[in-house]
Amino acid sequence: MSFNAVLLDLDGTLLDTIPDLAAAANAMRHDLGMSPLDQALLATYVGKGMKVLVQKTLANNPENTSPDEAMVEQGLAIMGKHYLRINGDGTRMYPGVREGLDAFAAAGCKLAIVTNKPTEFTHPLLERFGIASLFSAVVCGDTCAQKKPHPMPMLYACEQLGTQPQQALAIGDSVNDALAARAAGITVLAVPYGYNEGMDVRNLQVDDIVSTIADAARWAARHTTHSTRT
């Protein structure tokens, strides 16, 4: 395998975290005197970090008004409290994830998480699902000055793994992953089962779409960085 590092998104790529995120978002709305939203709608708000999730969740109101910064910060604190309490309870690992991670590791690839999820929620999930030890680096939404779709987290992960972007492979489920990887000069694959803010992954500018992380490992074994770059 010519790739020596794999950078993986978390929510919507390795783990289906929507049940817990939606429950925490609706608990926040309840505490603020707002009615609950459908889980499917809340899923379209996920991808650019928890602050954006809170902003969009609070902006869904009868008056169609945008929350000010103070309300967003209040919402963040409330949602964070609820999410910390239930983090992982309704979350499930997608099929093929463990098989794919093990295949990448067996091929000698260093693995990193690159997520917009805050650190305090990311590490407990990795531990809970028994995959924390597989990752040599974990880059969260509050690790760098910028989040995806900015390339900074991807480039920082490469630095932490001691590799060059041209030797890395990124795997995600959303436009944020695709844009960040492209801007960083990293080959990128998309999985079709995640969130992508409600958009079709077939419209993403990626090198290929793979059905599972296990399929991504098989794809990487068949390709070289030179043949996949455009």
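Close-up 1. Ala-22 belongs to helix H1, which spans residues 18-31. The model shown here and in the other views is predicted. With a relative accessible area of 4%, Ala-22 falls under the 20% limit and is therefore buried. Apart from neighbours within four places in sequence, Ala-22 has contacts with Gln-39 and Leu-42. The C-alpha atom of Ala-22 is 26 Å from that of Asn-203, a residue 181 positions away along the chain.

**Close-up 2. Packing of helices H4 and H6.** Helix H4 covers residues 69-86 and helix H6 covers residues 119-128; their axes come within 11 Å and cross at roughly 10°. Because angles under 35 degrees count as roughly parallel, H4 and H6 are described as roughly parallel to each other. On the H4 side the contact involves Gly-80, Tyr-83 and Leu-84, and on the H6 side Glu-120, Phe-121 and Leu-125. Sorted by class, this contact between H4 and H6 has four nonpolar residues, one polar residue and one charged residue.

**Close-up 3. Packing of helices H5 and H9.** The axes of helix H5 (residues 97-106) and helix H9 come within 6 Å, with a crossing angle of roughly 30°. This angle makes H5 roughly parallel to H9. From H5, the residues in the contact are Val-97, Glu-99, Gly-100, Leu-101, Ala-103 and Phe-104. Their partners in H9 are Ile-213, Ala-214, Ala-216, Ala-217, Arg-218 and Ala-220. The contact of H5 with H9 is made up of nine nonpolar, one polar and two charged residues.

**Close-up 4. Aromatic pair of Phe-3 and Trp-219.** The count of aromatic pairs in the structure comes to three. One of them is formed by Phe-3 and Trp-219, with 6.3 Å between the ring centres and 25° between the ring planes. The pair counts as stacked because planes under 30 degrees apart are placed in that class. Phe-3 lies in the segment before strand E1 (5-8), whereas Trp-219 lies in helix H9 (residues 213-222). The pair thus links distant parts of the chain, its two residues being 216 residues apart. Phe-3 and Trp-219 are both buried.

**Close-up 5. Cysteines without a disulfide.** The structure holds zero disulfides. For Cys-144, the nearest cysteine sulfur is that of Cys-140, 9.6 Å away, and Cys-144 is in no disulfide. Its relative accessibility of 14% means that Cys-144 counts as buried. Cys-158 is likewise in no disulfide; its nearest cysteine sulfur, that of Cys-144, is 11 Å away. Both distances, 9.6 Å for Cys-144 and 11 Å for Cys-158, can be set against the cut-off, which requires the two sulfur atoms to be within 2.5 Å. Cys-158 is buried, at 1% relative accessible area.

**Close-up 6. Cis peptide bond between Lys-148 and Pro-149.** The peptide bond that joins Lys-148 and Pro-149 is cis, with omega at about 20°. Pro-149 is located in the loop between strand E5 (137-139) and helix H7 (152-161).

**Close-up 7. Asn-64, a residue with positive phi.** Asn-64 sits in the loop between helix H3 (50-59) and H4. Its phi is near 55°, a positive value in a residue other than glycine. With a relative accessible area of 63%, Asn-64 is exposed, since residues over 50% are placed in that class.

**Close-up 8. Asn-196 and its contacts.** Asn-196 is in the loop between strand E7 (187-190) and strand E8 (208-209). Phi of Asn-196 is near 50°, positive although the residue is not glycine. At 1% relative accessibility, Asn-196 counts as buried. Leaving out residues up to four places away in sequence, Asn-196 touches Asp-173, Ser-174, Val-175, Val-201 and Leu-204.

Definitions and conventions: Residues are numbered from 1 along each chain as its sequence is written. This is a predicted model: local features need pLDDT of at least 70, side-chain atom pairs count only at pLDDT 80 or more; totals for chains, interfaces and linings use all residues. Side-chain values use heavy atoms; hydrogens and water are left out. Axes are lines fitted to C-alpha atoms, for helices over the stretch in contact, and angles run from 0 to 180 degrees between N-to-C directions. Helices (H or I, at least four residues) and strands (E, at least two) are DSSP runs, numbered from the N terminus. Angles under 35 degrees count as roughly parallel, over 145 as roughly antiparallel, 65 to 115 as roughly perpendicular and the rest as oblique. Contact means heavy atoms within 4.5 Å. Ala, Val, Leu, Ile, Met, Phe, Trp, Tyr, Cys and Pro count as nonpolar, Asp, Glu, Lys and Arg as charged, and the others, Gly among them, as polar. Buried means under 20% relative accessible area, exposed over 50%, partly exposed in between (1.4 Å probe, protein chains only). Rings of Phe, Tyr and Trp (its six-membered ring) pair if their centres lie within 6.5 Å; planes under 30 degrees apart count as stacked, over 60 as edge-to-face and the rest as tilted.
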